[in-house]
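Q: Hi! Could you walk me through this structure before I set anything up?

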Amino acid sequence: MFRSTYQAITKGNPMWNQLQVPSSTLYTWDPNSTYIHEPPYFKNMTMEPPGVHGVKDAYCLLNFGDSITTDHISPAGSIHKDSPAAKFLLDRGVERKDFNSYGSRRGNDEVMARGTFANIRLVNKLLNGEVGPKTIHVPTGEKLYVFDAAMRYKDAGHDTIVLAGAEYGSGSSRDWAAKGPMLLGVKAVIAKSFERIHRSNLVGMGIIPLCFKSGEDADTLGLTGHERYTIDLPNKISDIRPGQDVTVTTNNGKSFTCTVRFDTEVELAYFNNGGILPYVIRNLIKQ
């Protein structure tokens, strides 16, 4: 059976051989597909690394307490009928019965970005106790879906950060728990502590993880999430050390010290390149 199967394995079968495929050596992206979409990770990428970027006058997209898991962050499960992902699919002619799940559409970043922070059990302090996948757009005070608020910030040219408590990113490791926030424009997460793998994944997507100093958190420092945040990083990657302290200031005069959680020299190299994917591509091209 093995010999009879594998002696003709390269010849295919009639159904396989009748498939129509383009002759290009590169994948031909279908702009109309709602399952597979070309992600933006390499758009405008050059061989020269972008270098260090701090954060200036960023708004707080979400203000969390303790134990925000990757299930809270990452797109998972069914697509809610009123969600931004549902609207995206409906606008492209997909009927509700064909929504399928976020997992089945993980090859489309436009769906997955809309499903980031879309968990119905999300507890965001900006909503004063209300539970659900929404937040406050600070400049206007409007209550919006997290994706819609994030896009409004991005369109206005504003960076965003996330405030969190202890064990941010706990639970099973999920790549979209880091990819999603990056696509939403999140530049930094300031937390009491991080789950080990998720912290590393954030660095891999170019997001700065910072820890409050011992005994401090957003509440003890009087941070509400309505402030604007500036994170003062050195201009050169050579001036940043693993575990270095930096100053975070707000537009209402508060100032506090955080530890930058780049824990290794390799993570610093990832950050200098804008993330692990550009880092790998640049090194492959050089070789």
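**Pockets, cores and a few residues**

Q: Let's start with the largest pocket: how much space lies in it?
A: About 830 Å³ of space lies in the largest pocket. A pocket here is an open set of points on a 1 Å grid over the protein atoms alone, where a 1.4 Å probe fits and protein lies on both sides within 12 Å along at least five of seven lines. The volume is the space filled by probe spheres set on the points, which are joined across faces, edges and corners.

Q: Before we go on, what kind of model is this?
A: This is a predicted model, in which local features need pLDDT of at least 70 and side-chain atom pairs count only at pLDDT 80 or more, while totals for chains, interfaces and linings use all residues. Residues are numbered from 1 along each chain as its sequence is written, and side-chain values use heavy atoms, with hydrogens and water left out.

Q: Thanks! Back to the largest pocket: which residues are the closest to its centre?
A: Pro40, Tyr41, Met182, Leu183 and Lys187 are the closest to the centre, out of 38 residues that line the largest pocket. Lining residues have an atom within 4 Å of a point.

Q: And how do the lining residues divide into nonpolar, polar and charged?
A: The lining of the largest pocket has 17 nonpolar, twelve polar and nine charged residues. Ala, Val, Leu, Ile, Met, Phe, Trp, Tyr, Cys and Pro count as nonpolar, Asp, Glu, Lys and Arg as charged, and the others, Gly among them, as polar.

Q: Where does the largest pocket lie relative to the domains?
A: It lies between domain 1 (55-73 + 121-286) and domain 2 (75-115), because both give residues to its lining. The domain bounds come from an automatic or database domain assignment.

Q: What about the second largest pocket, which residues are the closest to its centre?
A: Ser78, His80, Ala118, Asn119 and Ile120 are the closest to its centre, among 22 lining residues. About 350 Å³ of space lies in this second largest pocket. Its lining divides into eleven nonpolar, eight polar and three charged residues, and at least three residues come from each of domain 1 and domain 2.

Q: How far apart are the centres of the two domains?
A: The centres of domain 1 and domain 2, taken over C-alpha atoms, are separated by 25 Å. Eight residues of domain 1 are in contact with ten residues of domain 2, where contact means heavy atoms within 4.5 Å.

Q: OK, changing topic: which residues have the most contacts inside the largest nonpolar core?
A: Leu61, Leu62, Phe64, Ile79, Phe117, Tyr168 and Val189 have the most contacts inside this core of 43 residues. The elements that give two or more residues to it include β1 (55-63), α4 (84-91) and β5 (186-191). A nonpolar core is a set of buried Ala, Val, Leu, Ile, Met, Phe, Trp, Tyr and Cys residues joined through side-chain atoms within 4.5 Å. Buried means under 20% relative accessible area, exposed over 50% and partly exposed in between, with a 1.4 Å probe and protein chains only.

Q: What does leucine 61 touch?
A: Not counting residues up to four places away in sequence, leucine 61 touches a set of residues including Asn124, Leu126, Tyr153, Ile161 and Val186. There is also a second, separate core of 28 residues, which includes Phe212, Val248, Val260 and Phe271.

Q: Nice. Which residues of helix α9 are buried?
A: In helix α9 (residues 265-272), they are Glu267, Leu268, Tyr270, Phe271 and Asn272. These pack against α8 (196-204), β6 (208-212) and α10. Helices (H or I, at least four residues) and strands (E, at least two) are DSSP runs, numbered from the N terminus. After α9 comes glycine 274, with a positive phi near 85 degrees.

Q: Is glycine 204 buried or exposed?
A: Glycine 204 counts as buried because its relative accessibility is 7%. Glycine 204 is in helix α8 and, leaving aside neighbours within four places in sequence, is in contact with Gly275, Ile276 and Leu277.

Q: And why does threonine 257 count as partly exposed?
A: Because its relative accessibility is 33%. Threonine 257 is found in strand β9 (residues 255-260).
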